[in-house]
Amino acid sequence: PPEEVEDASEPTKRDRSHLESTLKLNEEKPADDFSGVLQRLRKIYHSSIKPLEQSYRYNELRQHEITDGEITSKPMVLFLGPWSVGKSSMINYLLGLDDTPYQLYTGAEPTTSEFTVIMHGPKLKTIEGIVMAADSARSFSPLEKFGQNFLEKLIGIEVPHKLLERVTFVDTPGIIENRKQQERGYPFNDVCQWFIDRADLIFVVFDPTKLDVGLELEMLFRQLKGRESQIRIILNKADSLATQELMRVYGALFWSLAPLINVTEPPRVYVSSFWPHEYQPDTHKDLFLKEEISLLEDLNQVIENRMENKIAFIRQHAIRVRIHALLVDRYLQTYKDKMTFFSDGELVFRDIVEDPDKFFIFKSILAKTNVSKFDLPNREAYKDFFGINPITSFKLLSQQCSYMGGCFLEKIEKAIARELPDLLGSIGLGKKPNVLSCDITGCGETPKNRYRRP
């Protein structure tokens, strides 16, 4: 019968058992219960970080407010890369969605024009972006600020899959069609940045048969600055090239990415074909399978360290909020020192904003408070910031104290130096020590502040 002939031409599927064992999909062990730690993390955030954040309007500088949904959200894995490199196929493969009604569309032409969030749910269903953003319990409510046009391009898919109980995937439109941002009708780069800032793991996927690293990619890597440790580069569809060719492409990729990534440690590159079909004959099957397994282990590691990553993320946020507060305080102090009875406030302040270096604003922060110069925001950002927020609408740090509540600055410094590292230590007890020790996050340093009047 003709059906059999069709079957013979179907590419055979690979065995999936390594996926299940590496990602521990068959284990019945209950997920770690971190609800107590999350409660404490929320409390530290609300009592010690948020007051300073609000008082100095930090989110106008970085567009970054942390919602409760974000504190309790699952780790997020973001898929980025040019169109048609196999991002959607890879997600289908990891979740076993192939040949189900919910597989993500894949094809040679640009198919994904939406940001697709794949999350856990009791049964397969699709959720409109507008509904996702309206639900404050989800971590996506801040996306409302990108407007209705964007929300129409945001879609959620709930899938009852064991892996999604512990992680959320986000598939993005191919960056190469990003040439005309105006045509998209929403701020594509800002949306990408929002996801990049929150992703625990960022897979940048390439197709070795059509590797062109152009301006769009430069743009992307500029957005990934500071997130280098989350980036993994994937050379997908690796079995479509002969070995020698593949090695050339691998070299070319590194050569073109080197100037874009200025870190001592190059990002990890995985070379394999992430889809369910058998590898092409006469290619390095063993290598590809090993690479795939190390990628899965990497993903598993992120899931296991989710609590540590979350605490480190909040601590990083606190450090930025503290630097911002110290800077605004410095601008304000300088303004007060320069003002006389006869001066025109606006002119005086314009002078300071135009040339903060003349008044040593940034230098004094470095000198008096152990802030790394790499953490300082850029000066231009403050021109914009004070354009919207007049300097006179802020109070000095020394005035942000209350008899009962203590001082805002002291509280955030205590959170950075003691409370968050202690919280980190409390989870580490039952686990083997992992990378997020104090050597890396430097939680041992106590922020010094010599502005405080004794």
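These notebook entries record what I looked up in the structure.

**Entry 1. The chain as a whole**

I noted at the outset that this is a predicted model. I then turned to the overall make-up of the chain, which holds 19 helices and 10 strands. Of its 454 residues, 48% count as buried. I looked up the accessible surface next and found about 23,200 Å², with 53% of that area belonging to carbon and sulfur atoms. Among contacts in the chain with a separation of 6 or more, 80% are between residues 24 or more positions apart.

**Entry 2. Disulfide**

How many disulfides does a search of the whole structure find? I recorded one. I reminded myself that a disulfide is a covalent bond between the sulfur atoms of two cysteines. Here the bond joins Cys401 to Cys407, with an S to S distance of 2.0 Å. I looked up its handedness as well: the torsion about the S-S bond of Cys401 and Cys407 is about 110°, so the disulfide is right-handed.

I examined helix 10, which covers residues 188–198. Nine of its 11 residues are buried, so the helix is largely enclosed by the rest of the structure. The buried residues include Phe188, Trp194, Phe195 and Asp197. Cys192 is another residue of helix 10 that is buried, and I noted its relative accessible area of 3%.

Which residue meets the side chain of Arg198 in a salt bridge? I found Glu70, at 3.2 Å from N to O. Arg198 lies in helix 10 and Glu70 in helix 5 (residues 68–72), so the pair ties together parts that are 128 residues apart in sequence. Both Arg198 and Glu70 are buried.

**Entry 3. Further salt bridges**

I searched the whole structure for salt bridges and recorded 12. I followed one of them between Asp298 and Arg232, whose closest N and O atoms are 2.5 Å apart. Asp298 belongs to helix 13 (residues 285–304) and Arg232 to strand 7 (residues 231–235), so this pair ties together parts that are 66 residues apart in sequence. Asp298 is buried, with a relative accessible area of 14%. Arg232 likewise counts as buried, at 14% relative accessibility.

I next looked at Glu380 and Lys383, whose side chains meet in a salt bridge of 3.4 Å, N to O. Both residues lie in helix 17 (residues 379–388), where they are three residues apart, about one turn of the helix. Glu380 is partly exposed, with a relative accessible area of 46%. Lys383 is partly exposed too, with 27%. I found that salt bridges with shared partners join Glu354, Glu380 and Lys383 into one network.

**Entry 4. Helix 13 against helix 14**

I returned to helix 13 and looked up how its axis lies against that of helix 14 (residues 306–338). The two axes come within 5 Å and cross at roughly 65°. Which residues meet in this contact? From helix 13 I listed Val302, Ile303 and Glu304, and from helix 14 Arg306, Glu308 and Asn309. By type, the residues of this contact divide into two nonpolar, one polar and three charged.

**Entry 5. Surroundings of Leu52**

At 1% relative accessibility, Leu52 counts as buried. Which residues does Leu52 touch, leaving aside residues up to four places away in sequence? I recorded Val321, Arg322, Ala325, Leu397, Phe408, Leu409 and Ile412. I also noted the distance from Leu52 to Arg322. These two residues are 270 residues apart along the chain, and their C-alpha atoms are separated by 7.6 Å.

Methods
Residues numbered from 1 in each chain as written. Predicted model: local features only at pLDDT ≥ 70, side-chain atom pairs only at ≥ 80, totals over all residues. Heavy atoms only, no water. Disulfide = S-S within 2.5 Å. Buried < 20%, exposed > 50% of the residue type's maximum accessible area, 1.4 Å probe, protein only. Helix = DSSP H or I, 4+ residues; strand = E, 2+ residues; numbered from the N terminus. Contact = heavy atoms within 4.5 Å. Areas by Shrake-Rupley, 256 points an atom, 1.4 Å probe, with all protein chains shown as cover. Salt bridge = Lys/Arg side-chain N within 4 Å of Asp/Glu carboxyl O. Axes fitted to C-alpha atoms, helices over the stretch in contact; angles between N-to-C directions. Nonpolar A, V, L, I, M, F, W, Y, C, P; charged D, E, K, R; others polar.
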